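User: I'd like to walk through a structure with you and learn how to read its features. Can you take me through it step by step?

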Amino acid sequence: MEFSGIDDLCQMANRRLPRLFRDYVNGGAHGEVAVRANRQAFLDWKIIPRCLRDVSQVDIGSTWLGRSRGAPFMLGPVGFAGMMHAGGDVMAAQAAARAGIPLAVSTFSIASMEKLSRVPGVDLLAQIYVFRDRDLTRDMLRRAHACGIDGIILTVDTAITPMRARDVRNGFRRMTRPSVAQLLSMAGRPGWSLRMLMAGKARIGNLAPYGMGRNLLEEARNAAAEIDPSLTWQDLAWLRKEWGGRLIVKGVMDAADARQCVDNGTDALIVSNHGGRQMDPSPATLSVLPEIVEAVGDRCEVVLDSGVRQGGDIVTALALGASGVALGRPWAWALAAGGRKGMDALTTGLSGEVRDVMGLAGVRNMAELVAQRKQVLRRA
Ligand SMILES: Cc1cc2nc3c(=O)[nH]c(=O)nc-3n(C[C@H](O)[C@H](O)[C@H](O)COP(=O)(O)O)c2cc1C
C-alpha cells in the first residue's frame with residue numbers, strides 16, 4: 001500500500017469503519033476545540049529550508065526513552081485498536097517491531113499484553129490507569145514485569161470522563177449491546193464485519209483476568225468507571241515505590257506539575273491533552289512544550305503527542321525540545337485503512353516525511369537537528 005499522507009489514511013478509515021468505531025476514534029471532548037487547536041499550533045512554526053549541506057545520508061534514528069530507536073515516533077496507547085481491524089493490535093505490534101519503534105499497550109487493548117509481548121522483536125510499554133481497586137493495578141504491574149516490559153505509562157488526564165458528543169449520539173459506554181442502527185452500520189461495512197466475525201467474539205483481552213463484563217461494550221463501560229478519580233501526588237509516589245522500571249507520566253500540560261512529577265521520580269513525561277479528548281479548553285500540546293522542557297531541564301525526557309499528522313510536525317516538536325512524539329489516531333486510521341499494509345505504509349511513509357524535512361532543512365541526524373534548532377526553527 002502506497003503512503004499518500006495521514007489525511008488519506010484517515011479518509012480511507014472513515015470509509016471502512018462502522019459508525020460506532022469511526023466516531024469513537026475521531027471524536028473529542030465537548031466542542032472538539034482542543035482537537036483543532038492541537039493541529040493549529042503546528043502552523044505557528046516553520047522550518048527554514050537550507051541548502052548545499054550534503055544530505056545524501058539522513059539518519060532519523062535516535063536514542064530516546066532509554067533505547068536506540070529507528071525513528072523519533074512511537075505508537076501511543078489506543079484503546080480498542082483491535083476493533084479498527086480484526087487482529088489489529090498484533091498487526092500494530094509487528095509493524096512497530098519492523099520499524100524499530102515502541103508500541104504502548106493500552107489498558108483497553110483487545111489483545112493482552114501477554115499476547116503482544118510474544119510478537120518477535122517487539123518493544124512494548126504498558127499504559128496503565130490507577131484503578132479504584134489498587135490490587136488490580138498492582139496485578140497489571142506484575143503482569144507487565146512478567147512480560148519483560150521495562151516501562152509503564154501512567155495516564156493522569158482521565159480523572160473525569162468528559163462528554164464526547166459523537167459517543168453520546170451512539171450510546172458508546174452506555175449501551176451494553178449494539179442497537180439496530182449500529183448493526184445496520186456494521187452490515188454496511190461488510191469487509192470489516194466479515195473479518196471481525198471470523199476473528200470471533202472481541203473482548204478487552206488486557207482486562208480479561210478481572211471479569212469486568214459479559215461482552216465488549218459492558219467491559220468498556222465498567223472498566224472506565226473503575227478508573228480512580230481521587231488520585232493525588234501520594235498515589236504517584238505509591239506507584240513509584242511499586243514499580244522498579246521506567247515510569248512515564250502521560251497527560252502533563254503544566255510546568256509546575258511537570259516539576260512535581262520529576263520530584264516524585266518520574267523518568268519521562270508525555271505532554272498530552274489526550275488528542276483533545278479530555279479537557280476541551282486545553283491549550284495545544286505544542287504551545288506548552290517549550291515551557292515544560294524548560295521546567296524539567298535535563299532531569300527528565302519529554303515526549304509530545306496530540307495532533308501529530310506529518311513528518312514536519314515531528315521535526316518541529318523535536319526542535320522545540322521533545323525527544324520523540326507519540327501517535328494516537330494516525331495508527332488507528334492506518335489499521336482501519338489497510339491492516340498490516342496500512343501500518344507499514346504509516347511507519348515507512350512517516351519516516352520518509354521526517355527524512356525529507358530534515359534533509360531539506362540541511363540536518364543529517366538528530367544531533368545536528370538539536371544543535372541547529374535555533375537556525376532551522378522560525379515562528380510563522
Ligand atoms: C481511539 C483512542 C483511544 C485512546 N485510548 C487511550 C488509552 O486507552 N489510554 C491512553 O492513555 N490514551 C489513549 N488515547 C490517547 C492517545 O494515547 C493520545 O494521547 C492521543 O490520541 C494523541 O492525539 P492524536 O490522536 O491527535 O495523535 C486514545 C486515543 C484515541 C484516539
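Predicted model: local features only at pLDDT ≥ 70, side-chain atom pairs only at ≥ 80, totals over all residues.

User: How many salt bridges does a search of the whole structure find?

Analyst: It finds 19. Another one joins the side chains of Glu 368 and Arg 364, at 3.1 Å from N to O. Look at burial there too: Glu 368 counts as buried, with 18% relative accessibility, while Arg 364, at 33%, counts as partly exposed. Salt bridges can also share partners, and that is how Arg 67, Arg 69, Asp 123 and Asp 150 are joined into one network.

User: Which residue forms a salt bridge with Asp 228?

Analyst: That's Arg 134, and the closest N and O atoms are 2.8 Å apart. For any such pair, check where the partners sit along the chain. This pair links distant parts of it, 94 residues apart: Arg 134 belongs to helix 6 (residues 134–146), and Asp 228 to the loop between helix 10 (216–226) and helix 11 (233–242). Asp 228 is buried, with a relative accessible area of 9%.

User: Is Glu 218 buried or exposed?

Analyst: Buried, since its relative accessible area is 8% and the cut-off for that word is under 20%. Glu 218 lies in helix 10. Leaving aside residues up to four places away in sequence, Glu 218 touches Thr 176, Met 212 and Gly 213.

User: Now helix packing. At what angle do the axes of helix 14 and helix 15 cross?

Analyst: With two helices, ask about distance, angle and handedness. The axes of helix 14 (residues 311–319) and helix 15 (residues 329–360) come within 7 Å and cross at roughly 60°. That makes helix 14 oblique to helix 15. The crossing is right-handed.

User: Which residues of the two helices meet?

Analyst: From helix 14 you have Gly 311, Gly 312, Ile 314 and Val 315, and they meet Leu 350, Glu 353, Val 354, Val 357 and Met 358 of helix 15. Sorted by class, this contact has 6 nonpolar, 2 polar and 1 charged residues.

User: How many of the residues of helix 14 are buried?

Analyst: 8 of its 9 residues are, so helix 14 is largely enclosed by the rest of the structure. Among the buried ones are Asp 313, Thr 316 and Leu 318. Following helix 14 comes Gly 321, with a positive phi near 110°.

User: Last one, on loops. What does Gly 70 touch?

Analyst: For a loop residue, find the flanking elements, then the contacts. Gly 70 is placed in the loop between strand 3 (67–69) and strand 4 (73–75). Not counting residues up to four places away in sequence, Gly 70 touches Ile 60, Gly 61, Ala 99 and Gly 100. At 38% relative accessibility, Gly 70 counts as partly exposed.

Key
Residues numbered from 1 in each chain as written. Heavy atoms only, no water. Axes fitted to C-alpha atoms, helices over the stretch in contact; angles between N-to-C directions. Helix = DSSP H or I, 4+ residues; strand = E, 2+ residues; numbered from the N terminus. Parallel < 35°, antiparallel > 145°, perpendicular 65-115°, else oblique. Left-handed = near helix turned anticlockwise from the far one by under 90°. Contact = heavy atoms within 4.5 Å. Nonpolar A, V, L, I, M, F, W, Y, C, P; charged D, E, K, R; others polar. Salt bridge = Lys/Arg side-chain N within 4 Å of Asp/Glu carboxyl O. Buried < 20%, exposed > 50% of the residue type's maximum accessible area, 1.4 Å probe, protein only.
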